[in-house]
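Keep the sequence beside the picture as you read.

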Amino acid sequence: CDSNGRGTRRNQLAVQAMSAFLFDLQKKTEEVFQNYFALTQAASDNLAKEVEAVTKIQSVYRASKIRRSWHAVVGSTLLIQRAVRGWSGRRRSWILRFQRQRQFQAQFFHQAAVVMQRTFRGWWSRRHLHDFGGRKRYVQKLAKRGEWTTTYLDHEHQEKLAVAKMEEEERMRQEFCHVAGEIHHLVSTKSIPGIYNPPYNDHLPRAFDKPIEQHLREALRVQLPRSLRRPHHKAAPRGARYG
């Protein structure tokens with residue numbers, strides 16, 4: 001009987017505990033429903049703000065992603081451009097270097113060809129057109145003729161100088177004689193010596209290898225005074241002669 005009473009008591013306590021648990025669970029369920037409805041209402045009220053915030057976050061993220069992609073594309077483009085420009089510059093430099101080298105080679109070969117042509121033309125001209133010995137003799141002959149011509153011209157020049165000197169001396173002699181004839185009053189007399197015959201000088205003044213006193217005596221011309229000269233009568237008219 002004691003064991004049965006104990007089992008019954010235990011069952012009652014279990015039923016009471018279960019009932020209390022169910023009662024508490026019902027209350028908590030109502031609180032959960034109220035919280036859920038409150039949160040749902042708050043979510044409905046803040047839906048526009050959340051959508052705007054999400055949209056902004058998405059736009060920022062997409063913009064950063066696009067900018068990252070754009071910077072990657074720009075970097076790649078700059079790298080490609082740099083590589084292409086470097087390759088183009090190196091190619092242009094190589095082309096210019098090659099052209100300059102070809103130009104130098106062309107100038108060298110052109111100069112070599114000019115030297116070869118000049119040498120061959122000189123040899124062919126000396127061999128077939130001009131005789132070196134003959135040209136040498138011709139040049140020597142021209143040199144001798146030049147010497148003869150120079151000698152002849154020098155001789156002619158000396159002769160002309162001598163003739164001109166003689167003519168100049170003759171002209172000066174004539175002028176001196178004319179002047180000496182004009183100054184005959186300077187001739188020495190028996191009582192008075194002239195100025196060109198100083199008595200106290202052993203060396204008399206000379207001109208043309210003769211003393212000036214002698215020139216004056218040789219050039220002396222006796223002229224009658226004007227009053228003693230014969231007058232020149234004018235011819236009378238024919239009718240007046242016979243009155």
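The accessible surface of the protein chain comes to about 22900 Å². Carbon and sulfur atoms make up 59% of that surface. Such areas come from the Shrake-Rupley method with a 1.4 Å probe, and for residues only the protein chains shown count as cover. The chain has 243 residues, and 6% of them count as buried (under 20% relative accessible area; over 50% is exposed, and partly exposed lies in between, with a 1.4 Å probe and protein chains only).

This is a predicted model, where local features need pLDDT of at least 70, side-chain atom pairs count only at pLDDT 80 or more, and totals for chains, interfaces and linings use all residues. Residues are numbered from 1 along each chain as its sequence is written, and side-chain values use heavy atoms, with hydrogens and water left out.

Now the fold. The protein chain holds five helices and two strands (DSSP runs numbered from the N terminus: helices are H or I with at least four residues, strands are E with at least two). Along the sequence they follow the pattern α-α-α-β-β-α-α.

How confident is the prediction? The chain averages a pLDDT of 78 (the predictor's confidence in each residue, from 0 to 100). At least 70 is reached by 70% of the residues. Confidence is highest in α2, at a mean of 91, and lowest in helix α5 (residues 238-241), at 51. Where pLDDT is low, the predicted coordinates should not be read in detail.

Last, a single residue. H130 sits in the loop between α2 (47-129) and α3 (132-182). H130 counts as partly exposed because its relative accessibility is 38%. Leaving out residues up to four places away in sequence, H130 touches S125 and R135.

Definitions and conventions. Contact = heavy atoms within 4.5 Å.
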